[in-house]
Amino acid sequence: MRVATPTVYRDIQQNIVSLYSDLNQMQEKVSSGKNFNSPSDNPVAMVNSLGLSDTLAQIQQYQTNMNTANEWLSTSETALNQVSQLAASAQQIAAQFSSGSQSADVQTEAESQVDGLIDEAIDLGNTQLNGKYIFAGYQTATTPFADSGSGATETVVYQADPTNDFNVQIGPNETVTAGKNGQTVFMDSNLFTSLIGLKQAIANNDQTAIQQEATNLQGATDYLNAQVSDVGIRQSQLQTQGQMFTQVSTNLQNQLGDLENVDYNQAILEMQQKQTAYNVALETAAQISQVSLLNYLNPG
Amino acid sequence: MGGISSIMNIAAGALQANQIEMEVVSNNIANVNTPGYTRQSAVLESNSPISINQLKLGTGVQVESVTQASDPYTTQAIQQNTSSLNEYQTEASALSQVESLFNETGSGTLGDAMNNFWNAWQDVANNPSGTTERSALLENAQILTQKFNSMSNDLTQTKEDMNTNIQMGVEQVNELTGQIAALNGQIVAAEADNTPANDLRDQRNSLLQQLSSWVGNVSVEQENGSVTVMTQGGLLLVDGNKNYEFSTQGDMIYYNNVQNDVSNNLTGGQIGGWLNIRDEVVPQYQSNLDELAGTLIRQVNALHSTGYTPSGQTDKDFFDTSQVPASGDNTGAAGYIQLSTDVLDDPANIAAGTIPPAAPGDSSPPGDNENALKIAALQTDDSIQIQKWTISNPGGTPSSSVETTSMDDYYQSLVGDIGITTEAANDNQSFAQSTLNNLQDVQDSVSGVNLDEEMTELLQIQQAYEANSKMITIADDMLQSLLQVQ
């Protein structure tokens with residue numbers, strides 16, 4: 001094909017410009033360390049990486065939520081354990097009367113001991129975490145348990161939320177109950193009625209009633225222990241979920257890295273290839289410019 | 001006649017022809033780098049012979065004409081590709097701006113803002129009575145609404161920039177068609193005596209190519225040498241020495257002073273590219289961004305308004321609804337999305353719970369986080385129906401389909417779409433560029449000047465010139481010899 005003089009220069013120019021643009025792109029890749037710097041660089045990888053970082057951000061939030069749930073559960077566990085031990089102590093007091101009636105001193109002493117246990121149980125039922133009552137359902141600002149009346153009319157009343165539990169989201173469609181309401185945990189155990197019953201039976205020196213309350217207290221202890229192990233189950237559920245999230249996070253981060261981060265070995269090799277091509281183009285341009293018939297014609 | 005004087009006349013005529021040839025070569029060399037210049041050559045023709053004593057004797061040479069080595073087919077192809085290249089270039093550069101709005105590789109993006117918004121709801125669910133969590137939610141929600149607003153503004157601004165560009169482009173087109181019409185007149189006049197008006201034609205071709213860079217067109221040469229130019233949509237731009245002009249008013253482009261929008265008849269070139277961006281690309285992304293913002297408003301408000309605040313109040317909007325039409329139309333939502341004054345005035349008006357107060361006037365339980373949990377779960381709810389718009393036919397009605405997806409996925413697919421569109425525009429641009437380069441090489445191979453070739457020709461003419469000069473010397477010597485015969 002016949003080649004016009006400007007064609008040669010234009011082709012050289014276009015080649016150099018396009019090689020330089022390629023080289024520049026590779027340099028940008030290597031210096032930023034990223035495979036793509038805008039959606040159009042690689043739309044598919046971009047959307048994938050968006051999805052991955054989205055999931056990562058969600059997992060991070062679930063992990064934060066799980067911390068909250070763990071705080072609630074471990075506080076509940078401590079309180080429930082103490083209440084359960086307290087029920088056991090009350091049983092021991094009742095056991096003193098199994099062999100028959102005791103002296104008035106022992107009786108008074110036992111009565112005040114049980115009274116103390118009642119106060120302690122109420123305090124434990126009113127456990128707070130960051131200023132909120134944890135055994136109050138949704139009514140976290142209401143003191144759940146209070147002693148009311150005295151003597152034969154003494155009762156412990158539950159004045160907070162009797163139906164709802166505090167739930168925390170720990171997965172896309174998964175929540176865990178972090179705080180059960182006081183009605184479920186304490187009132188349904190009949191702990192308070194048994195303690196008050198025991199106190200009145202001791203005051204009345206009523207052996208049969210004392211034995212009856214001792215049996216009731218055993219029931220309450222069992223119930224409370226079941227609550228403790230229920231908390232334990234939820235804690236281990238959180239632990240499993242947490243371990244899974246850590247593992248998934250690591251996987252996602254690796255995948256994200258594979259997508260986003262430049263493979264330096266390959267990128268630098270490619271950059272060197274482009275560099276060579278660019279240098280050759282420049283040298284060729286210098287060579288070609290020297291070729292002309294004019295060089296061989298005598299001026300005179 | 002004949003004899004020695006005839007020899008001298010022939011040689012003198014040849015010298016004149018050689019000089020003209022030299023002039024043509026010199027003009028070629030001078031224009032070696034002139035864009036649009038077509039190589040010219042002198043066409044030599046031997047003179048009519050004369051009859052002497054039954055002999056037919058030649059009478060030398062003359063330059064019959066100076067012609068162009070033109071290649072009309074390639075020239076036409078170059079014009080068309082120039083308009084495609086410019087269209088794609090314009091689109092690619094405008095798209096890279098639009099793309100930067102959706103560029104999720106950086107920070108402070110809409111995707112980040114959405115994630116932070118949903119996470120803030122989870123924090124409220126973790127501590128529904130916490131004022132810090134409530135304030136943080138409002139702050140994150142405001143960052144999100146402002147991000148929507150600024151993206152919507154930037155897209156609108158892009159459309160306005162396109163209008164400014166189109167106005168400038170239209171002025172250029174008017175000027176170019178005016179010049180082409182004027183050249184038509186000059187060419188018709190100059191070629192009336194059948195001598196080709198080479199340089200005027202080069203100028204006109206160059207103007208036609210410039211015109212193609214602004215708007216796609218078709219040009220047809222008439223027998224008298226003038227070209228008739230039309231847009232690809234069939235509007236007459238140049239007819240003989242008359243051109244038809246465009247004017248603009250807002251979004252409208254008027255033709256020949258008729259108040260009727262002809263935007264859809266203009267395709268190709270930079271104007272075609274700007275129109276595509278203004279009427280298809282930007283409106284599509286704006287509509288889809290509006291759908292996302294509108295869906296967010298409706299979904300969050302639907303849950304929020306049924307929830308209860310700690311003080312026992314209900315029917316509170318989270319996002320402002322004063323501009324949300326009941327019809328379900330989300331047009332403009334990304335622009336108007338903002339928090340309701342209720343929650344903005346008091347974070348306590350965030351309805352995190354679902355339990356009504358025991359009696360009217362009472363408060364609701366402060367630990368109730370059910371509504372906050374429900375709203376936070378919207379993030380991963382993939383059964384939400386969102387309209388997705390496609391606008392691909394210029395000036396035609398946009399079409400939409402309903403997608404069942406999550407808001408996060410919907411946004412991610414928008415980012416993917418803009419990436420693919422921009423990538424395609426970049427690819428089209430480089431393809432059109434390499435096609436045009438090839439065509440230019442083809443055209444150059446016919447019409448371009450090669451200096452080596454011109455130099456060779458120069459040597460050839462020079463030699464002929466020397467020989468012809470020699471002829472005159474010899475003829476002169478012959479005449480002297482004759483005069484010395486005594």
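Mentor: Two residues are in contact when they have heavy atoms within 4.5 Å of each other. The model is predicted: local features need pLDDT of at least 70, side-chain atom pairs count only at pLDDT 80 or more, and totals for chains, interfaces and linings use all residues. Residues are numbered from 1 along each chain as its sequence is written, chains are lettered from A and ligands numbered from 1 in the order in which they are written, and side-chain values use heavy atoms, leaving out hydrogens and water.

Trainee: Which residues is Q235(A) in contact with, leaving aside its neighbours within four places in sequence?

Mentor: Those residues are L73(A), S74(A) and E77(A). Q235(A) itself sits in helix α6 (residues 207-260) of chain A. Helices (H or I, at least four residues) and strands (E, at least two) are DSSP runs, numbered from the N terminus.

Trainee: Is Q235(A) buried or exposed?

Mentor: Buried means under 20% relative accessible area, exposed over 50%, and partly exposed in between (1.4 Å probe, protein chains only). Q235(A) counts as buried because its relative accessibility is 17%.

Trainee: What is the angle at which helix α1 and helix α7 of chain A pack?

Mentor: Axes are lines fitted to C-alpha atoms, for helices over the stretch in contact, and angles run from 0 to 180 degrees between N-to-C directions. For α1 (residues 5-32) and α7 (residues 264-290) of chain A the angle is about 160°, and the axes are 9 Å apart. That makes the two roughly antiparallel; the class covers angles over 145 degrees, with under 35 roughly parallel, 65 to 115 roughly perpendicular and the rest oblique. The crossing of α1(A) and α7(A) is left-handed, meaning that the near helix is turned anticlockwise from the far one by less than a right angle (clockwise would be right-handed).

Trainee: How many nonpolar, polar and charged residues does that contact of α1(A) with α7(A) have?

Mentor: There are 19 nonpolar, three polar and three charged residues. Here Ala, Val, Leu, Ile, Met, Phe, Trp, Tyr, Cys and Pro count as nonpolar, Asp, Glu, Lys and Arg as charged, and the others, Gly among them, as polar.

Trainee: How do α1(A) and α10(B) pack, and what is the angle?

Mentor: α1(A) and α10(B) pack at about 165°, with axes 10 Å apart, and are therefore roughly antiparallel. Their crossing is left-handed. T7(A), R10(A), D11(A) and Q14(A) of α1(A) meet N437(B), Q440(B), D441(B) and D444(B) of α10(B). By class, this contact has no nonpolar, four polar and four charged residues.

Trainee: Which residues touch the most other members of the largest nonpolar core?

Mentor: A nonpolar core is a set of buried Ala, Val, Leu, Ile, Met, Phe, Trp, Tyr and Cys residues joined through side-chain atoms within 4.5 Å. The largest has 91 residues, and F117(B), W118(B), W121(B), F148(B), F246(B), L296(B) and F318(B) touch the most other members. Helix α4 (residues 131-190) of chain B gives the largest share, 16 residues. A second, separate core of 58 residues includes Y62(A), V83(A), L117(A) and F135(A).

Trainee: What is the phi of Q54(B), and of D315(B)?

Mentor: Most residues other than glycine have a negative phi. Phi of Q54(B) is near 65°, a positive value, and phi of D315(B) is also near 65°. Q54(B) is in the loop between β2 (50-52) and β3 (55-57) of chain B and is exposed, with a relative accessible area of 82%. D315(B) lies in the loop between α6 (269-306) and α7 (333-336) of chain B and is exposed at 61%.
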